[in-house]
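Reader: I would like a close look at one part of this model. Please keep it brisk.

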Amino acid sequence: MTGSANTLRGEALLSIAGHEHLLRPTFDALVRAEEELGPLFALVERAGAGQLKLAEIAALFWHCLADRAVPRERVGEAVMALGLARCTAALRVLLGQILKGTG
């Protein structure tokens, strides 16, 4: 899925296997992420303290994918291929959306 992200809505793009995929943190996506990862505020706190695990980043990204046909392991592979530095931009956008919401 190629397209542009609406950062005002907390969207971001993630390159997976050479293709840009939209990360859209909808209420449903964040509820699913929270069910797996625990409270989102605690996730944000861990991120701020530099304590976020690769598996947590990949899980948050996967739950927020607009195209749910992408296998989860591909998201983990993308995080590893991009490295933490290049994943940080998308992660910041999603965490910012969690904290401030849309309005």
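Which residues line the largest pocket?

Author: A word first: this is a predicted model. The lining of the largest pocket is made up of A47, G50, L52, I57, L84, C87, T88, L91, R92 and L95. The space in this pocket comes to about 170 Å³. Sort the lining by class, and you get seven nonpolar, two polar and one charged residues.

Which helix gives the most to that lining? It is α4, with six residues. So let us turn to α4 itself, since a helix counts here as a DSSP run.

Helix α4 covers residues 72–100, which is 29 residues. Look at its ends. Their C-alpha atoms are only 27 Å apart. A straight helix would reach 42 Å at 1.5 Å a residue, and α4 falls short of that.

Next, the buried side of the helix. The buried residues of α4 are V75, A78, V79, L82, C87, A90, L91, L94, L95 and Q97. What do they pack against? They meet two strands, β1 (12–16) and β2 (19–23). They also meet two helices, α2 (40–48) and α3 (54–64).

Now step back to the loop between α3 and α4, where L65 is found. L65 counts as buried because its relative accessibility is 5%, and the cut-off for buried is under 20%. Leaving aside residues up to four places away in sequence, L65 touches I16, H21, L22, L23, V70 and V75. For a sense of distance, take L65 and R46. They are 19 residues apart along the chain, and their C-alpha atoms are separated by 22 Å.

Compare A17, in the loop between β1 and β2. A17 is exposed because its relative accessible area is 56%, and exposed means over 50%. The phi of A17 is near 55°, a positive value in a residue other than glycine.

One more helix deserves a glance. L37 lies in α1, residues 27–37. L37 counts as buried because its relative accessibility is 14%. Again leaving aside residues up to four places away in sequence, L37 touches L43, R46, E56, A59 and L60. L37 and G18 are 19 residues apart along the chain, with 27 Å between their C-alpha atoms.

Notes. Residues are numbered from 1 along each chain as its sequence is written. This is a predicted model: local features need pLDDT of at least 70, side-chain atom pairs count only at pLDDT 80 or more; totals for chains, interfaces and linings use all residues. Side-chain values use heavy atoms; hydrogens and water are left out. Helices (H or I, at least four residues) and strands (E, at least two) are DSSP runs, numbered from the N terminus. The expected span of a helix is 1.5 Å times one less than its number of residues. Buried means under 20% relative accessible area, exposed over 50%, partly exposed in between (1.4 Å probe, protein chains only). Contact means heavy atoms within 4.5 Å. On a 1 Å grid over the protein atoms alone, a cavity is a set of points where a 1.4 Å probe fits but cannot get out, and a pocket is an open set with protein on both sides within 12 Å along at least five of seven lines; lining residues have an atom within 4 Å of a point. Grid points are joined across faces, edges and corners, and a volume is the space filled by probe spheres set on the points. Ala, Val, Leu, Ile, Met, Phe, Trp, Tyr, Cys and Pro count as nonpolar, Asp, Glu, Lys and Arg as charged, and the others, Gly among them, as polar.
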